[in-house]
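Hello,

Here is the structure I said I would pass on. My notes on it follow below.

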Amino acid sequence: MAHVSVNNARKDYGAFKAIKGVSVDIGDGEFVVLVGPSGCGKSTLLRMIAGLEGITSGQIQIGKHIVNELAPKDRDIAMVFQNYALYPHMTVAKNMGFSLRLKRMPRTEIDQRVGNAAKILGLESLLERYPKQLSGGQRQRVAMGRAIVRDPAVFLFDEPLSNLDAKLRVQMRSEIKELHQRLQTTTIYVTHDQIEAMTMADKIVVMKDGLIEQSGSPLELYDRPNNLFVAGFIGSPAMNFISGNMTEDGFRTADGLLLPSERRPPEAVTYGIRPEHLRLDPGGIEVTTVVVEPTGSETLLIARLGTQTLTCVFRDRIRAAPGEVLRIAPIHDAVHLFAGDEQRITS
Ligand code: ATP
């Protein structure tokens, strides 16, 4: 086991700066998820930690060692890739034991480690099959098995679930989490899927344009996003943003409608409210129904507030025809305010 520490790491591809000075500390046994939109640099950062990409400047430490100059095989890490990278001509057992054979580990120990990993992952009956005889989920498990047998200090996952269908993704998500609870190996996991990040992580690192926007526990990021980007990225359906101004009466939308909020000096702000923090309320503000979408467990309402659009999620089943006027109110202490520079200003 080991902690991982990235200190002011940069990565330039010629004139393009993919990673612009990133520092992050990952505790021993922690499950950290790097998340962000396509192109934000999360895979590059993971590959720098793995040693598959060089580092332009800064420092990466795994356990006691500065690993900047170490080859991937000497970093005591195991990586699971999006495409699984299985050898098609080798059986599951051979695929899983391959790295150990390279290390010239004795045959009996290889068999034992492969057997253990197969048991943990439910692959025992598939050990003599070839990758093409496996389902997507089974291949994914073999790829994890290959990582587990090495008993590394750190697991690195690069979007390992993106080739699976939605249902299997949810299942594998809990399997990976359960595996982590069992093995307690330090894990760094890359995804662009914020729900995967929220459900799996001890700590989420949100990246954008080669920089870290915010890091913290899933609920810290959800409850107190530092800026508009994190507020909009974490949470599904996404937070509503209403543009307007603080006035002496409270927050006024760009259309002049008054919404409850804490009192603040006059300035242009963005008012953020999550869809699940809006309630039907006879004393609330008028909105006009655009669409009602029942999912069974909840109801999604898209409505117009002046010229702006709001998404609301209600636990109750409601009916409203397009054009029907409803009254809604935000939960008082669930309002987020962001200044003109997109930074959070609520206390
Ligand atoms: P995705 O979710 O799409 O995989 P990502 O956040 O993982 O995105 P990276 O793959 O880390 O993004 O890429 C970050 C940026 O660096 C991108 O703009 C990409 O085009 C650029 N980049 C990556 N590899 C190279 C390379 N070898 N040469 C030049 N630019 C590169």
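Strand β1 (residues 4-13) and strand β4 (residues 57-62) run antiparallel and are joined by five bridges. R10 stands opposite S57 in β4. Please keep in mind throughout that this is a predicted model.

The two strands belong to an open sheet of four, ordered β2-β1-β4-β5, with antiparallel pairing. At its edges stand β2 (16-26) and β5 (65-66); each has a single partner strand, so one side of each is left without a neighbour in the sheet. Helix α1 (residues 42-50) packs on this sheet and touches β1, β2 and β4. The direction of α1 makes about 115 degrees with that of β1.

A second open sheet

Another four strands form an open sheet in the order β17-β16-β15-β18, and here too the pairing is antiparallel. The edge positions are taken by β17 (308-314) and β18 (325-330), and because each has a single partner strand, one side of each has no neighbour in the sheet. From one strand to the next, the twist averages 50 degrees. Strand β15 (residues 278-294) runs antiparallel to β18, and seven bridges join them. In this pairing I285 stands opposite I328 in β18.

The chain as a whole

The chain has 347 residues, of which 35% are buried. It contains eight helices and 19 strands. The C-alpha trace spans about 75 × 45 × 35 Å along its principal axes. Taking the contacts between residues at least 6 apart in sequence, 63% join residues at least 24 apart.

Domains and core

The chain is divided into domain 1 (4-233) and domain 2 (240-338). Their centres, taken over C-alpha atoms, are separated by 39 Å. Where the domains meet, five residues of domain 1 are in contact with five residues of domain 2. On the domain 1 side that touches domain 2, three residues are nonpolar, two are polar and none is charged.

The largest nonpolar core has 82 residues. The members that touch the most other members are V33, L34, I49, L156, I188 and V206. Both domain 1 (4-233) and domain 2 (240-338) give residues to this core, so it lies between them.

Which residues is V33 in contact with, leaving aside its neighbours within four places in sequence? The list is Y189, T191, A197, M200, A201 and I204.

Individual residues to look at

Some backbone details are worth a look in the viewer.

- The peptide bond from S236 to P237 is cis, with omega near -5 degrees. P237 is found in the loop between α8 (228-233) and β11 (240-247).
- D151 is a residue other than glycine with a positive phi, near 50 degrees. Its place is the loop between α4 (136-148) and β7 (154-158). D151 has 14 C-beta neighbours inside 10 Å and therefore counts as partly exposed.
- Q184, also not a glycine, has a positive phi near 55 degrees. The loop that holds Q184 runs between α5 (166-183) and β8 (186-191). Q184 counts as partly exposed because it has 13 C-beta neighbours inside 10 Å.

E109 lies in helix α3 (residues 107-121). E109 and G97 are twelve residues apart in sequence, and in space they are 9.9 Å apart, C-alpha to C-alpha.

To go back over the main points with the viewer open, begin with β1 and β4, joined by five bridges, and with α1, which packs on their sheet. Then turn to β15 and β18, joined by seven bridges.

Regards

Methods:
Residues are numbered from 1 along each chain as its sequence is written. This is a predicted model: local features need pLDDT of at least 70, side-chain atom pairs count only at pLDDT 80 or more; totals for chains, interfaces and linings use all residues. A nonpolar core is a set of buried Ala, Val, Leu, Ile, Met, Phe, Trp, Tyr and Cys residues joined through C-beta atoms within 7 Å. A residue is buried if 20 or more other C-beta atoms lie within 10 Å of its own, exposed if 12 or fewer, and partly exposed in between; C-beta atoms are placed from the backbone. Domain bounds come from an automatic or database domain assignment. Two residues are in contact if their C-beta atoms, placed from the backbone, lie within 7 Å. Ala, Val, Leu, Ile, Met, Phe, Trp, Tyr, Cys and Pro count as nonpolar, Asp, Glu, Lys and Arg as charged, and the others, Gly among them, as polar. Two strands pair if DSSP finds at least two bridges between them. Axes are lines fitted to C-alpha atoms, for helices over the stretch in contact, and angles run from 0 to 180 degrees between N-to-C directions.
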